[in-house]
Structure formats: structure tokens, C-alpha cells
Amino acid sequence: MNKKILVAPDSYKGSLTALQASEAISTGIKRVLPDAEIVSLPMADGGEGTVQSLVDATEGNLHQLEVVGPLGTPVTATYGILGDGKTGVIEMAEASGIGYVNDQTNNPLITTTYGTGQLILACIDQGIEEIILGIGGSATNDGGAGMAQALGYQLLDSDGNEIPYGGGSLNQLASIQTSQAHPALKKVKLIVASDVNNPLCGPDGASNVFGPQKGATKEMIQTLDQNLAHYAEILKKDLAVDVIDTPGAGAAGGLGAGLLAFTQSEMHTGIEIVLEYAKFKEFAVGCDLCFTGEGGIDFQTKFGKTPYGVAQAFKAVNPDKKVIAIAGTVGEDIEELYEVGIDAVFSSAPGAAKLEELIEQATFNLAQTAENIVRVLV
């Protein structure tokens, strides 16, 4: 009887996309089992690579759009439309991500999520009914104010003028006008991929926890935290939405709060969303084996990373079948993963080598590792 094998890796950061990794693993399997039925489902956990993975998994399409970047200058962002033609997928980092700033330019007092709002509008204007939005990797701390402005909300100061971009200007906010907001926002559902449960303000809030990695000094953090608290008061006054203590409101510099206040949003963990929209469990039915993996695997993998999510979902359908994970590097305490659905973890690195060499040989090494694993299993 021919084997049916599910191949569902995440990207191997810096070397292979999830699709390329899936192809490499499949190549190794086919060397041993040429007649095997390979089910390829490139995965992601809501962060970098989510758009590409879901587009690949659903045979969708990629689109590009020039938007306002986090520093207020134009950037080209990629977003996706899934194969059903009804679902959009966005990574906010494509428009408002930390990759657009450096040590000299990162300044969360001025960075904006305006471009993320433009991507949401682009999906709405194509008749999209649901939008999956990954909100990791932000360069911003504006509470989603820029996004709201792009969506047509007017964020006004006491003189009736639009407040400037950035979290440093939120203290100027006096009122929010909704009359010019895009009317479709009430109908379009946003599925927000976030693994962050931080509140908007306070010691565990957006500014204190994530501000330093975005270039915020102690003085900036205090200003940003106070400004977000003021912002939350205006949201409560004008929109009747209380987000200051909501878990996840502090994600992506408070973009979580903005999404909850200005859009029809639900927050979920990233891998859960990807598994659902890729119809993972449907494809897993009848499979004899599952391969997954990503660039690095250690005990932290069990906190919502792709291999963990894949293993949990696969075991829910096939409790007696094996899940094999292949990583570029294998870290500490991986035995903890054997209690949550992963049956074995292998490194694809053949031995000591420079990082550049391992990246260059990533496809070969991954295929060879998969081949050797299958030779043992059969």
C-alpha cells in the first residue's frame, strides 16, 4: 500500500520559504518512496511568511501596493488573496514593520501604522469578506491610530485638525469622528493573528515591554505609555470601546487596541488561524506520517510555534501516527516536545560549518535528512 505523507513545515528563516522547505522534504521522501502520496501544506505561525504560506497552501495570489511606511515615506508592501477569492491575508510588518527602520531612524514617537490601514482598504476594495492580519514585527507604538486614519476615521485635536502620525502625538487627540470611515468596515471581519496577551498600558503594556526594541528611551516609554492611556480614554468616550486592560490590546505597539476599537476584529493565535484556513485537518485525514519543522526548535516551540501547532492538529486526526520535526538548529530541552505530539526532532545540519555554508546547502541538507529518516522508518 502506498504511503500518504503530510509535509507541513514553516520557513527556515534566512534560507528557505515554507514552500521551498516543503519541496526539499518531499524530494527526500520520494527518493525512498517514489510512489508515496505527498500532501504539501506550507505553514506559518502568523508572523513573517504567513502571507506566502497561506497563498501557497490555498493556490491564491500575491499583490503589491505602494503604501505609507512607518516613517511616513513610501514603501512597497505585499499582501495576498487566498484561493477562495473571499479572504485577504496581510502582514502588518510589510507596511509598518521594524525592517523599515534602523538604529538611526527608529523612533516610536513618530512611526505610524497608516500603511497597514491602506492594505486593509485594498482588500476591502476588492470585495474581500474576511481579512487575516498578522501583527508581529511592528516598528510602531501608535495604538493603531495611523491605521484608523487610513480607514477614514478622523482623529482630531482641540482645534479640529488631524493629529500627526506617531504615538508621540496621541496626547493631542481630543475627539474621533466616524462619519467618513469606510462603510464596509462594519461588514468585513478581521482575524488577527497575535500571540501577545499584553494590555495596552502599564508595566506589562505595549510601551514598557516592546518600546525598547523599537528604539524607545526611558523618557519616550513614559510619554508613550501616558499617551496610549489618554488615547484609550478618547476611544472609550467617542466609540464606547474600553480597551485599556483587554488582553492583546498592547500587541504591535497597541495596534491590537486599534483593531478592536475601529474594526470588527477577533484575536487568535497565529498557528491556529493558518491551520484553519489551510484546512489542515481535512488534508491530514488518512495520512500515515507527518513532517514539520522550522529554522530552530527548542523547548519554546511548545508555546505556539508552527511545529507544535502542526503536531497537535495532526494527532487530533491521527493519534497513532508519527510527527517528525526537522530543524536547522536543535536547542535545549526538546524532550518537552515529546509530551505534546512531536515524536522525534532531527537537525538538518550535517556537521560543524559556517552559517553561510549551511544556508547555501539548506535545500540539499533538508532533503538528505528527510531521506535518511524515511529509510529508517520503512
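In which loop does Asp333 lie? Asp333 is found in the loop between strand 12 (322-330) and strand 13 (344-347), where helices (H or I, at least four residues) and strands (E, at least two) are DSSP runs numbered from the N terminus. The model is predicted, so that local features need pLDDT of at least 70 and side-chain atom pairs count only at pLDDT 80 or more, while totals for chains, interfaces and linings use all residues. Residues are numbered from 1 along each chain as its sequence is written, and side-chain values use heavy atoms, with hydrogens and water left out.

**Helix 1 and helix 13**

- The axes of helix 1 (residues 18-32) and helix 13 (residues 362-377) come within 7 Å and cross at roughly 40°, the axes being lines fitted to C-alpha atoms, for helices over the stretch in contact, with angles that run from 0 to 180 degrees between N-to-C directions.
- Helix 1 is therefore oblique to helix 13, given that angles under 35 degrees count as roughly parallel, over 145 as roughly antiparallel, 65 to 115 as roughly perpendicular and the rest as oblique.
- Residues of helix 1 that meet helix 13 include Ala21, Ala24, Ile25 and Gly28, and their counterparts in helix 13 include Leu366, Ala367, Ala370 and Val374, contact meaning heavy atoms within 4.5 Å.
- By class, this contact of helix 1 with helix 13 has nine nonpolar, four polar and three charged residues; Ala, Val, Leu, Ile, Met, Phe, Trp, Tyr, Cys and Pro count as nonpolar, Asp, Glu, Lys and Arg as charged, and the others, Gly among them, as polar.

- In helix 2 (residues 50-58), the buried residues are Thr50, Val51, Ser53, Leu54, Val55 and Ala57, where buried means under 20% relative accessible area, exposed over 50% and partly exposed in between (1.4 Å probe, protein chains only).
- The cover over these buried residues of helix 2 includes helix 1, strand 3 (61-68), strand 4 (74-81) and helix 9 (270-277).

**Positive phi values**

- Glu59, which follows helix 2, has a positive phi near 60°.
- Lys279, in the loop between helix 9 and helix 10 (280-284), has a positive phi near 55° and is partly exposed at a relative accessible area of 47%.
- Asp333 likewise has a positive phi, near 55°, and counts as partly exposed at 34% relative accessibility.

**Cysteines**

- The structure holds zero disulfides, a disulfide being a pair of cysteine sulfur atoms within 2.5 Å.
- For Cys290, the nearest cysteine sulfur is that of Cys287, 7.6 Å away, and Cys290 is buried at 0% relative accessibility.
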